[in-house]
Amino acid sequence: MPKDEFQARDFKIVGTRPLRPDGIDKVTGKARYGADVTAPGMLWGAVLRSPHAHARIVSIDTSAAEAMKGVKAVITRADFTYQPDDPGLADVLDNCMAGEKARYDGHAVAAVAATSKKIAHDALDAIKVEYEVLAHVTDVDEAMKPDAPVIEAGRQQENVPAGLSENVTSRSKYGHGDPEAGFSQADLVIERSFTTAATHQGYIEPHACLATLGADGQGDLWVCTQGHYMVRNTCAGLLGLDAGMLRVTASEIGGGFGGKTHVWIEPVALMLSRKAGKPVKLVMSRDEVFRATGPTASSSIDVKIGMKKDGTITGATATYRLQAGAYPGAIAFLSAMCGFAPYDLENVRTEGFEVMTNRPKAAAYRAPGAPMAAYPVESVIDELCQKLDLDPLETRLKNAADEGTKSAYGPTYPAIGLKATLKAAQSHPHWTAPLGENQGRGVACGFWFNFGGDTCVSLMVNPDGTVSLSEGNPDIGGSRASMSMMAAEELGVPLDQVRTIIADTASLGQNEVTDGSRVTFAVGLATIKAARHAIEIMKERAAMTWGIDPEAVDWHDGAAHPAGPNAGKFPPMTIKEIAAIASNTGGPIAGHHEVNAEGAGVSFATHMVDTEVDPETGAVKVLRYTVFQDAGKAVHPDYVEGQFQGGAAQGIGWAINEEYIYGEDGRLQNPGFLDYRVPVASDLPMIEPVILEIPNPGHPYGVRGVGETSIVPPLAAIANAVSRAAGVRLTSLPMSPPRVLAALKGQ
Amino acid sequence: MVAVRLWGSLAELADGQQTVEIEAANLRQLLDGLARDYPALKPQLERGVSVSIDGKIYNDTWATPIEKNSEVVLLNRLVGG
Amino acid sequence: MSQIHVTATINGDETEFLCDPTETLLDVLRDHLDLTGSKEGCGSGDCGACSIILDGRLVCSCLVLAAEAEGRSVETIEGMAEGDKLHPLQEKFIEHAALQCGICTPGILVAAKNLLERNPNPSEEEVRYWLAGNLCRCTGYDKIIRAVMDTAAEMRGAA
């Protein structure tokens, strides 16, 4: 196996808390997001969406819209004449602009470009669409039944057993041992069914782009996205363009959380621009964001766990049914992999089903599949602890996975930090703080993989010795600061000598999307390697100047030094001195690194929360919240804490309030922030972050990803706290007041 | 030969074998060998898999070395948010 | 439809613009005056990303018709710093890492400034309820609340 990258060292910059370099632009309103730019001669785009959950599109008459003054282009699916041969891309195209059928309320059916926003929207009203309404299904359990309306036939994978609706597109199974034998050894076995609602990533910035595409196939796209290379490749694949002819620039991004790892409006804006011959700006409304993008999968789950009186888990099974929405591609396999990942189990089996329904295509959301996987497992473990009178932290510690554990999804773990998070939780004052009436304390563990992937970084040493770093991953949570810190650390220069920018797709090679908690790990790794490359060049330049062998030159504290007394007596050459004579020693100095960063380290967290349940109204108040998570190495602890706090807050929303509500007519009833209630400032307490640092062997500084694991434990931690406060086990999310009240009344 | 563990639903397609032996010294040889010796796995291999080698997860790098005694586990292709 | 001529004071400067009767003040700020610091997160007054001060009162500019600004004073995020001197809230937001993606930041800063002008010594609960109309999806509000409280303390000390 490849050797470990990690080397222990003392850091000067990494691990400190400097001011972020893009801070001033963001507090003064200067930072430019997706909808903040214009172009000369620009048109405004708008999209017409299906009001039906499931309908055959009989005809679309655009003639009246086309005849309107100021309307410069109207497009439907018929304008997308290029047919992508990849089935995944064909689904993306159909989702961006419906073909034969509208598959969900909000599915795009036509689009307009006009000289003003108002004319564009008026033109949408003038488009006549004839629909043949079809039977629909928006519930995952209903959609699995053999007689359910079928969204699209022929999409089942070979792994789906017979007897299920064609809506069930895949099944995956994980585990080892014999759970049935395990249950027979248990003193208590609990089996329960759970549901979780679909939730939206809820980024505050709606999708927005500005597209220019000429008849020659050359184009430019400004877009808010988690991955502008993905946008380029996908749009080129959908429109039959050469990727190299389409330059995509990532705007500042106003949140993504997985929801901006896909395309929706970008191919439409490019097509409108090509047809109109002018730049087109297309911005989604919040209503469109809710109806047509995101959300995460809703789920229906059965979990069964057996435990001995001493807390040992003897057997465990889980079946996850996840709603994919209108196209195949939910992530039930990730649920099946993640649910029991924190535990060292002899007998475990999980199964995941992915099911199509008449809802928007499910999108990735922070640790996709893992929160709904942990929720039922951690709930049943908590109930077993209650009934067997066991300490929930001690019991988790007793069963916790460690280095050498064969994980529930197969591989044997290297060094991991789960036990450290549990021990930190045990010794934290939160654990022993007193609770009042109607209050309960919940704990839960969570697991996530973290990712690497294709990554390119270029590091330029400028003539004055300052450093320009170009990377290709949109900065959502402060990653430019982290990259500058790692570059400065490696080069041995002050942080203010390095500026990091996000380059467009024409300036660097392929970069994987900002997802999977990969950026600080993978882009950080490439940044360190690019700095090392530049250092090698600078050592050569110093060696040439001194007339000695490059191997006889050392680099530290931002300067080249003779390696030892035998190398010769030369005063050190600083980066500024080397840069100043670069033209004399061979030309400009730049380091770069291109890599598919494989081998990311997994990560674990334990969350602890106190809640109070109002017995009159069923309302849940979160009183205190503490996050214990392994970060590997925290490069900028402020922003690591921010990831912990933000993930916990999103989890709190998922647990207590957030929910896609569909009517009998298959239409989304709450496509706005008034009725889809994300946590507001007055809903939350301070969220205390406790950072643990168990180095990841796969990164030079020991970095693991931190962005996603923090949303995995909250659903269960809060459900456990509420269930203990209410004295009744809650098994359905969100735990909104009506649900909690019904549970209280039902006891 | 390298012992490769399959996940449950993949094992069902390999006549119920949870572990199969493949002659491979790197990731590419492993994936090619699996497709050759177990054609029923081909649809999933084409959709994509991740491979855990001694506890670290790899997706694409063909040259990733695999030792005879390495622990090799096939996983569904991972995705993130 | 004929356009309406409006004269308003925006960030201290007398400003004239023409607007459609249906256009919101946010539309005019962003699309006509190039003041894109105010953001449209929802268009329905639920997210607070477009918060501005209209004649001293905190409002969502997406809920104000542009024509209503006639003769009135409008303060946006672009008017918060004086030249290159940041407002203490802006300084503290950077210092406390109170922003991640930053899309909600302009609205929250405008709202927080209005709070501190009314109440220089707010409790944590008062800050949380005042900012309850400003959604942030990244931070869990923790560092935002700390930044506002710290600014209030510092401004009281300086006063």
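Where in chain C is Gly133(C) found? Select Gly133(C): this residue is in the loop between helix 4 (124-130) and helix 5 of chain C. Keep in mind throughout that this is a predicted model.

**Stop 1: Gly133(C)**

Colour Gly133(C) by accessibility. Its relative accessibility is 36%, so Gly133(C) counts as partly exposed. Now show its neighbours. Leaving aside residues up to four places away in sequence, Gly133(C) touches Asp46(C), Cys47(C) and Gly48(C). Gly133(C) and Ala49(C) are 84 residues apart along the chain, yet 9.1 Å separates their C-alpha atoms.

**Stop 2: helices 3 and 5 of chain C**

Select residues 105-118 of chain C, which form helix 3, and residues 142-158, which form helix 5. Two packed helices are described by an angle and a distance, both taken from their axes. Here helix 3 and helix 5 of chain C pack at about 40°, with axes 11 Å apart. What is the hand of the crossing of helix 3 of chain C and helix 5 of chain C? The crossing of these two helices is right-handed.

Show side chains at the contact. From helix 3 of chain C, pick Ile108(C), Ala112(C) and Leu116(C). From helix 5 of chain C, pick Ile144(C), Val148(C), Thr151(C), Ala152(C) and Met155(C). Sorted by class, this contact has seven nonpolar residues, one polar residue and no charged ones.

**Stop 3: helix 2 of chain C**

Move to residues 88-95 of chain C, which make up helix 2. Which residues of helix 2 of chain C are buried? They are Leu89(C), Gln90(C), Lys92(C), Phe93(C) and Ile94(C). Show what surrounds them. The buried residues of helix 2 pack against helix 3 and helix 5 of chain C, and also against helix 1 (23-27) of chain A. Step just past the end of helix 2 of chain C to Ala97(C), where phi is positive, at about 55°.

**Stop 4: two aspartates with positive phi**

Select Asp34(C) next. Asp34(C) sits in the loop between helix 1 (25-32) and strand 3 (51-54) of chain C. Its phi is near 60°, a positive value in a residue other than glycine. Is Asp34(C) buried or exposed? Asp34(C) counts as exposed because its relative accessibility is 56%, and the exposed class begins over 50%.

Then go to Asp55(C). Asp55(C) lies in the loop between strand 3 and strand 4 (57-60) of chain C. Phi is near 50° at Asp55(C), again positive in a residue that is not glycine. With a relative accessible area of 45%, Asp55(C) is partly exposed.

**Stop 5: chain C as a whole**

Zoom out to chain C. Its secondary structure comes to five helices and five strands. From the N terminus on, the order is β-β-α-β-β-β-α-α-α-α. The radius of gyration of chain C is 16 Å, close to the 15 Å that the globule rule gives for 159 residues, so chain C is as compact as a globular protein of that length. Along the principal axes, the C-alpha atoms of chain C fill a box of roughly 50 × 30 × 25 Å.

Of the 159 residues of chain C, 58% count as buried. For contacts in chain C between residues at least 6 apart in sequence, 55% join residues at least 24 apart.

**Stop 6: chain B**

Select chain B. Three helices and five strands make up its secondary structure. Their order from the N terminus is β-α-β-α-α-β-β-β. Chain B has 81 residues and a radius of gyration of 12 Å, which agrees with the value near 12 Å for a compact globule. Its C-alpha box is roughly 35 × 25 × 20 Å along the principal axes.

In chain B, 56% of the 81 residues count as buried. The accessible surface of chain B is about 3,500 Å², and carbon and sulfur atoms hold 49% of that area. Of the contacts in chain B with a separation of 6 or more, 46% come from residues 24 or more positions apart.

**Stop 7: between chains**

Show all the chains. Two pairs of chains are in contact, and chains A and C share the most contacts. How far apart are the closest C-alpha atoms of chain B and chain C? They lie 14 Å apart, and no contact joins chain B and chain C.

**Last stop: Pro734(A)**

Finish on Pro734(A), in the loop between helix 19 (714-726) and helix 20 (737-746) of chain A. The peptide bond from Leu733(A) to Pro734(A) is cis, with omega near 0°.

Methods:
Residues numbered from 1 in each chain as written. Chains lettered and ligands numbered in written order. Predicted model: local features only at pLDDT ≥ 70, side-chain atom pairs only at ≥ 80, totals over all residues. Heavy atoms only, no water. Axes fitted to C-alpha atoms, helices over the stretch in contact; angles between N-to-C directions. Helix = DSSP H or I, 4+ residues; strand = E, 2+ residues; numbered from the N terminus. Left-handed = near helix turned anticlockwise from the far one by under 90°. Contact = heavy atoms within 4.5 Å. Nonpolar A, V, L, I, M, F, W, Y, C, P; charged D, E, K, R; others polar. Rg over C-alpha atoms; globule rule 2.2 N^0.38 Å. Buried < 20%, exposed > 50% of the residue type's maximum accessible area, 1.4 Å probe, protein only. Areas by Shrake-Rupley, 256 points an atom, 1.4 Å probe, with all protein chains shown as cover.
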